[in-house]
Amino acid sequence: MADVKKIATRESYGNALAECGAKYPNLVVLDADLAGATKTSVFQKAYPDRHIDCGIAECNMTGVAAGLATCGKVPFISSFAMFAAGRNFEQVRNSIGYPHLNVKIGATHAGITVGEDGATHQCNEDIALMRTIPGMTVIVPSDDVEAKAAVDAAINYEGPVYLRFGRAAVPVINDRPDYRFEIGKGVVLKEGKDVTLIATGTCISGALEAAEKLAADGIDAEVINIHTIKPLDEELVLASAKKTGKVVTAEEHSIIGGLGSAVCDLLSEKMPTKVCRIGMNDVYGESGTASGLLEKYGLDGKGIYEKVKAFVQ
């Protein structure tokens, strides 16, 4: 995929905020001394009077955003996923979730593709944490196009939204005229009949690569992009599971509490189906290059292909 355009979704996040600034005068962006890394500096440069740097005080930033939401603003709080979801959990739960305030959480540097920063900064638990908060919408964009669309959709959605972005550049796969983003609606990227491959975020490009390799082996995989983990597109998941009879999930997140768990929760209740979950297997990450870590933990195209093939045969 060397010729494919690549961009980190954290950059897409910053660019999207800046683009939305003119359309939405009530949009306010808060950061915790990481504007350069989260790319909200792009918005800060365009709208300095609507950007608030709260310093290294993520929990306080969350409280400030909650207050702004009660005054009719649409605040985005921005930080690394480890801080936005982890350090912030109590404040997000009690100050945003409980009163169901219209605050958006832009969490960058999620998953193992944070790379060299290592296990302490590689948050593989954030989707699980945010899924447990009643009324919280959880979105994991797969590329530049989807990230920008997700930010715009979040602004127009009434209620708390958690958006997960990555540090590493990823292929742009949704740059087509018929692309349409809708919260809670998955996208079938490839029709298939032998196995359903449901992926999210950075694993989408790997899932498509895996599907090509599987096709060469005579295995027809259906590939679905679930960009909204909560609410899950139950109708689409059930329909595909019924058709193929086998489901594989792939995510740059722990297999506990993330996409795989969400899919298993649904299928166990409504359509018991054989499932294989691909993700971080109850382990911490480690320092390394983004591509090297994806390869080591079997989250690249080759790794996903090998696990799906073994599961199907």
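This is a predicted model: local features need pLDDT of at least 70, side-chain atom pairs count only at pLDDT 80 or more; totals for chains, interfaces and linings use all residues.
Local features need pLDDT of at least 70, side-chain atom pairs count only at pLDDT 80 or more, and totals for chains, interfaces and linings use all residues. Residues are numbered from 1 along each chain as its sequence is written, and side-chain values use heavy atoms, with hydrogens and water left out.

Me: What makes S10 and S13 a pair of strands?
Reply: Strands are DSSP runs of E with at least two residues, numbered from the N terminus, as are helices (H or I, at least four). Two strands pair if DSSP finds at least two bridges between them. S10 (residues 195-199) and S13 (residues 246-254) have four, in the parallel sense, so they pair. Ala199 stands opposite Ala250 in S13.

Me: Why are S9 and S14 called edge strands?
Reply: The order of this open five-stranded sheet is S9-S11-S10-S13-S14. S9 (187-190) and S14 (274-280) each have a single partner strand, so one side of each lacks a neighbour in the sheet.

Me: How do you know that S6 and S12 pair?
Reply: S6 (residues 137-139) and S12 share two bridges in the antiparallel sense, and the definition asks for at least two, so they pair. Val138 stands opposite Lys230 in S12.

Me: What makes H4 a helix that packs on the seven-stranded sheet?
Reply: Contact means heavy atoms within 4.5 Å, and H4 (residues 58-70) touches S2 (27-31), S3 and S4 (74-80). Its direction makes about 165 degrees with that of S4; axes are lines fitted to C-alpha atoms, for helices over the stretch in contact, and angles run from 0 to 180 degrees between N-to-C directions.
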